[in-house]
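Colleague: I have a few things to ask before I start working with this model. Could we go through them one at a time?

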Amino acid sequence: MRYNRRKCDSDGGVCGFNSIIKNEIKFDEAKENLMADNSRHRLPLNALRAFEASARHLSFTRAGMELNVTQAAVSQQVRLLEEQLGLELFIRLPRGLALTDEGSALLPVLSRSFDQIEALLQQFDDGHYHEVLNISVVGTFAVGWLLPRLSRFSELYPYIDLRIMTHNNVVNLAGEGVDFAIRFGEGLWPLVDNTPLFSAPHTVLCSEKIAKQLNHPTDLKNYPLMRSYRKDEWEKWFLAAKIEPWRVKGPIFDSSRLMVEAALFSDSVAIAPSCMFERELSAGDVVQPFDISVTLGGYWLSRLKSKPMTPAMNIFRNWLLEESKR
């Protein structure tokens, strides 16, 4: 709960604009006091830690339990910080605490700073520096190709920690703070460096039950055809199969992985990159009824041109390119 300490007008009306300005000026003056002489050794780190924990819990007692000190020690550290700043950061209530406006302004800055310090220190586990790589991967590629190979990467490079998130082929490298993105397309995304990994021809995939009933490509007219947001994928496959195209009205998916799963469950037919389903094809869970495929694009490794390459980024990129040749 945030407690507003601004004083209202004497007639009991809404807090005035002047009081808001005074609070902002007061907090600015407090920051100047804290950073006086620009000397980092003057930063009251214990007091800042005590305040940050107390502000998250809104309790000196629970903050003391987190920091393994007494409630009185936390309270004293916070009081010392308030004296140094020349303002109050909490309202002491009969049950717990409430942040003042100044305390609410200080809390997010400290929380981010402590989180960044903790994250950096964790990179020195086991007496080695672990560089973290954030990789955003289209889901079909992650499941069908990357995940089975990750153990090999970890064995070769144990001090590179991969943080993998999936997307549906739409990713904002700058906004999401990722080092690399792996996605499907033609490699024409602007403002990024796009490195081709490999082509991924699309073909017809379905269950064994449906495959037994498909003797000729025109037999596909008897079944629902799953499709993606690429409108011409079936039309191009029909042309490759040398048959007259027809209008496809099946469900639309943003993931080839989901599309194939849906086809298996609903006695339908999907069009997807067969190289992403090698395990399922080998096991007979998925069947390719026709030896006909069409190239609609490939998988690419993208990074921001403005982002410098780190040693871990170079290692991952080179490893990925080598693996893609196997």
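Colleague: Which residues line the largest cavity?

Modeller: This is a predicted model, and in it the largest cavity is lined by Phe 180, Asp 193, Thr 195, Leu 301, Ser 302, Arg 303 and Arg 317.

Colleague: And what is the volume of that largest cavity?

Modeller: The volume of the largest cavity is about 40 Å³, and the count of cavities of 30 Å³ or more comes to one.

Colleague: Which element gives the most to its lining?

Modeller: That is β12, which supplies three residues; β6 (192–199) and β12 (298–304) each contribute at least two. Sorted by class, the lining of the largest cavity consists of two nonpolar, two polar and three charged residues.

Colleague: Switching to salt bridges, how many does the count come to?

Modeller: The count comes to 16 salt bridges. One of the pairs is Glu 52 with Arg 49, whose side chains meet at 2.7 Å from N to O.

Colleague: Where do Glu 52 and Arg 49 sit relative to each other?

Modeller: Both belong to helix α2 (residues 45–57), and because they are three residues apart there, about one helical turn separates them. Glu 52 is buried, with a relative accessible area of 4%, whereas Arg 49 is partly exposed at 26% relative accessibility.

Colleague: Which other salt bridge does the side chain of Arg 49 make, with Glu 66, and at what N to O distance?

Modeller: The side chains of Glu 66 and Arg 49 meet in a salt bridge at 3.3 Å, N to O. Glu 66 lies in helix α3 (residues 60–67) and Arg 49 in helix α2, so this pair ties together parts that are 17 residues apart in sequence. Glu 66 is partly exposed, its relative accessibility being 32%.

Colleague: What about Glu 82 and Arg 79, how far apart are the closest N and O atoms?

Modeller: In that salt bridge the closest N and O atoms are 3.2 Å apart. Glu 82 and Arg 79 are three residues apart in helix α4 (residues 71–85), which means that about one helical turn lies between them. Glu 82 counts as buried at 3% relative accessibility, while Arg 79 is partly exposed with a relative accessible area of 35%.

Colleague: Which residues do salt bridges with shared partners join into one network?

Modeller: That network is made up of Arg 49, Glu 52, Arg 56 and Glu 66.

Colleague: Now the backbone: where is Leu 58 found, and what is its phi near?

Modeller: Leu 58 is in the loop between α2 and α3, and its phi is near 50°, a positive value in a residue other than glycine. Most residues other than glycine have a negative phi. Leu 58 counts as partly exposed, at 22% relative accessibility.

Colleague: And Asp 267, what is its phi?

Modeller: Asp 267 has a positive phi of about 55°, although it is not a glycine. The residue is placed in the loop between α11 (256–266) and β10 (270–273), and Asp 267 is partly exposed at 32% relative accessibility.

Colleague: Last topic, confidence: what does the chain average in pLDDT, and which element has the lowest mean?

Modeller: The chain averages a pLDDT of 87, with 86% of the residues scoring at least 70.

Key
Residues are numbered from 1 along each chain as its sequence is written. This is a predicted model: local features need pLDDT of at least 70, side-chain atom pairs count only at pLDDT 80 or more; totals for chains, interfaces and linings use all residues. Side-chain values use heavy atoms; hydrogens and water are left out. A salt bridge is a side-chain nitrogen of Lys or Arg within 4 Å of a carboxyl oxygen of Asp or Glu. Helices (H or I, at least four residues) and strands (E, at least two) are DSSP runs, numbered from the N terminus. Buried means under 20% relative accessible area, exposed over 50%, partly exposed in between (1.4 Å probe, protein chains only). pLDDT is the predictor's confidence in each residue, from 0 to 100. On a 1 Å grid over the protein atoms alone, a cavity is a set of points where a 1.4 Å probe fits but cannot get out, and a pocket is an open set with protein on both sides within 12 Å along at least five of seven lines; lining residues have an atom within 4 Å of a point. Grid points are joined across faces, edges and corners, and a volume is the space filled by probe spheres set on the points. Ala, Val, Leu, Ile, Met, Phe, Trp, Tyr, Cys and Pro count as nonpolar, Asp, Glu, Lys and Arg as charged, and the others, Gly among them, as polar.
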